[in-house]
Amino acid sequence: MIWTNKISHTSIVSRWAKVGVVCLAMLLTACSVSYKFNGASIDYSKTKTIQIADFPIRSSYVWGPMGPIFNNELKDLFGKRTRLQQVKRNGDLKIEGEITRYEQPNKAVSSDGYSAMTELSMTVNVRFTNNTNHNEDFEQQFTARASFPSTQSLNSVQEELVTQMVKDICGQIFNATVANW
């Protein structure tokens, strides 16, 4: 007598689907992963306000719009990615500092001895005070760089590169102050 296995394909798939659902349910109840998509790890029950001072330019080389671009980007970033209320004084968190360096050194030399690439760099000194936990206070410098071909004039690329460097530095400041990465 020959035994034939008459288990249908749909029956096997149905059993595996049930096993998969049970495993997924066990995994979800056993693990608790907390991730905030805004990147911030703030205890809003203790920390409700942030004070962000305007950063003056203390660099010997200056491009006028750089200060307002930086100050607006930093405040906008915290406004968009946190629920902290921005205040003028007595904030639970306080960010202040100054733009200390803005330079344009040559980065690379071509085979004919002329500059091939120019680098633009910007450095910002930041003082961070966490009035709910002073162990997190710090003073630190953040730098960003951007290069452009020496065949282009600084005037033609300056706004785009400064905006790019400002976004980079503001992201670094955000991560160092409230993302705890």
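**The whole chain**

Start with a cartoon view and trace the protein chain along its sequence: the pattern reads α-β-α-β-β-β-β-β-α. That comes to 3 helices and 6 strands. Keep in mind that you're looking at a predicted model.

The accessible surface of the protein chain is about 11,800 Å², and 53% of it belongs to carbon and sulfur atoms. Of the 181 residues, 33% count as buried. Show contacts next, keeping to pairs at least 6 apart in sequence: 70% of those contacts join residues at least 24 apart.

**Helix α2**

Select residues 66-81, which make up helix α2. This helix has 16 residues and reaches 22 Å from its first C-alpha to its last, close to the 22 Å expected at 1.5 Å a residue. Color the buried residues of α2: M66, G67, F70, N71, L74, L77 and F78. Then turn the view to look down the axis of α2. The buried residues fall within an arc of 130°, so they line one face of the helix.

**A stop at T118**

Move on to strand β5, residues 115-130, and pick out T118 within it. Is T118 buried or exposed? The cut-off for buried is under 20% relative accessible area, and T118 has 5% relative accessibility, so T118 counts as buried.

Which contact joins the two side chains? A polar contact of 3.0 Å links T118 and S150.

Note on methods. Residues numbered from 1 in each chain as written. Predicted model: local features only at pLDDT ≥ 70, side-chain atom pairs only at ≥ 80, totals over all residues. Heavy atoms only, no water. Helix = DSSP H or I, 4+ residues; strand = E, 2+ residues; numbered from the N terminus. Buried < 20%, exposed > 50% of the residue type's maximum accessible area, 1.4 Å probe, protein only. Polar contact = N/O pair within 3.5 Å; in protein donor to acceptor, adjacent residues only side chain to side chain. Contact = heavy atoms within 4.5 Å. Areas by Shrake-Rupley, 256 points an atom, 1.4 Å probe, with all protein chains shown as cover. Expected span 1.5 Å × (residues − 1). Arc of directions from axis to C-beta.
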